[in-house]
Amino acid sequence: MKHEASPCRRLLLLSLLCLAAFAARAVAVTVVGPTCEGAPGKDVKASVSVKGAKNLGALQMELVYDPDVLDAEDVLDGQLLSGAIVEHNVVAPGRLRIALVAGEPVSGDGELVEVTFAVRKGATGKSAIDFEHGRAWEHETNQEVLVTAEPGTFTVTAGAPAVEPTEAQAPVAQ
């Protein structure tokens with residue numbers, strides 16, 4: 001008696017083969033959050049980097065931070081980008097959406113974008129800088145790339161110490 005695979009079994013086998021082929025070809029990139037510090041009332045430039053980029057063509061993500069500590073102000077091309085289109089907008093307090101399309105494939109490790117934050121007056125403590133909704137695509141094939149994230153941290157430093165006026169600077173009572 002000849003044993004023949006059922007159509008469902010064939011479909012399952014074909015699906016598993018396709019999945020294995022895709023997994024073997026899967027490419028990944030790691031987005032690395034900044035570790036930085038700044039004083040209340042000051043602007044801080046924070047580098048968002050990538051590790052293991054290989055022919056990266058486009059990326060979108062949301063940078064998540066504590067809105068009681070930081071306000072996002074601007075996003076500029078990083079050192080790895082050449083001729084890229086970078087767009088950003090604050091979609092809610094503490095959520096900065098960043099999207100970029102690279103003119104040339106991005107490969108290697110380094111600064112992807114530079115984010116300018118304003119440290120809120122009266123801010124204290126720390127803020128995690130994390131990533132959500134990360135998606136990326138290869139430059140040539142537009143194949144989706146797996147995005148992993150390493151969060152960063154922002155630490156509020158003490159502002160300039162208050163200076164007590166000396167006798168020479170003190171106002172004179174009339």
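**Entry 1: an aromatic pair**

For burial I used relative accessible area: buried is under 20%, exposed is over 50%, and partly exposed is in between, with a 1.4 Å probe and protein chains only. The model is predicted, so I kept to its cut-offs: local features need pLDDT of at least 70, side-chain atom pairs count only at pLDDT 80 or more, and totals for chains, interfaces and linings use all residues. Residues are numbered from 1 along each chain as its sequence is written, and side-chain values use heavy atoms, with hydrogens and water left out.

I then searched the whole structure for aromatic pairs and found one. The ring centres of Y65 and F117 are 5.2 Å apart and the planes stand at 70°, so I logged the pair as edge-to-face. The rule takes rings of Phe, Tyr and Trp (its six-membered ring) with centres within 6.5 Å; planes under 30 degrees apart are stacked, over 60 edge-to-face, and the rest tilted. Y65 lies in the loop between β3 and β4 (70-77) and F117 in strand β6, so the pair ties together parts that are 52 residues apart in sequence. Strands here are DSSP runs of E with at least two residues, helices are runs of H or I with at least four, and both are numbered from the N terminus.

**Entry 2: salt bridges**

How many salt bridges are there? I counted six, taking a side-chain nitrogen of Lys or Arg within 4 Å of a carboxyl oxygen of Asp or Glu.

I looked up E150 and K51, which form a salt bridge with the closest N and O atoms 2.8 Å apart. E150 is in strand β8 (residues 144-150) and K51 in strand β3 (residues 43-64), so this pair ties together parts that are 99 residues apart in sequence. E150 is partly exposed at 32% relative accessible area, and K51 is partly exposed at 37%.

Next I checked R95 and E62, whose side chains meet in a salt bridge at 2.8 Å, N to O. R95 belongs to strand β6 (residues 95-119) and E62 to strand β3, so the pair ties together parts that are 33 residues apart in sequence. Is E62 buried or exposed? I found E62 buried, at 7% relative accessibility, while R95 is partly exposed at 22%.

A further salt bridge joins E144 to R135, with 2.9 Å between the closest N and O atoms. E144 is partly exposed, with a relative accessible area of 36%, and R135 is partly exposed, also with 36%. I also noted that E62, R95, R97 and E132 are joined into one network by salt bridges that share partners.

**Entry 3: the partners of β7**

Which strands pair with β7? I used the rule that two strands pair if DSSP finds at least two bridges between them. β3 and strand β7 (residues 126-138) pair antiparallel over seven bridges, and Q60 stands opposite R135 in β7. β7 also runs antiparallel to strand β9 (residues 152-156), joined by four bridges; there, I129 has G152 in β9 as its bridge partner.

Two bridges join β7 to β8, again antiparallel, and W137 stands opposite E144 in β8. I recorded β7 and β8 as a hairpin with five residues between them. In the turn, N142 has a positive phi of about 60°.
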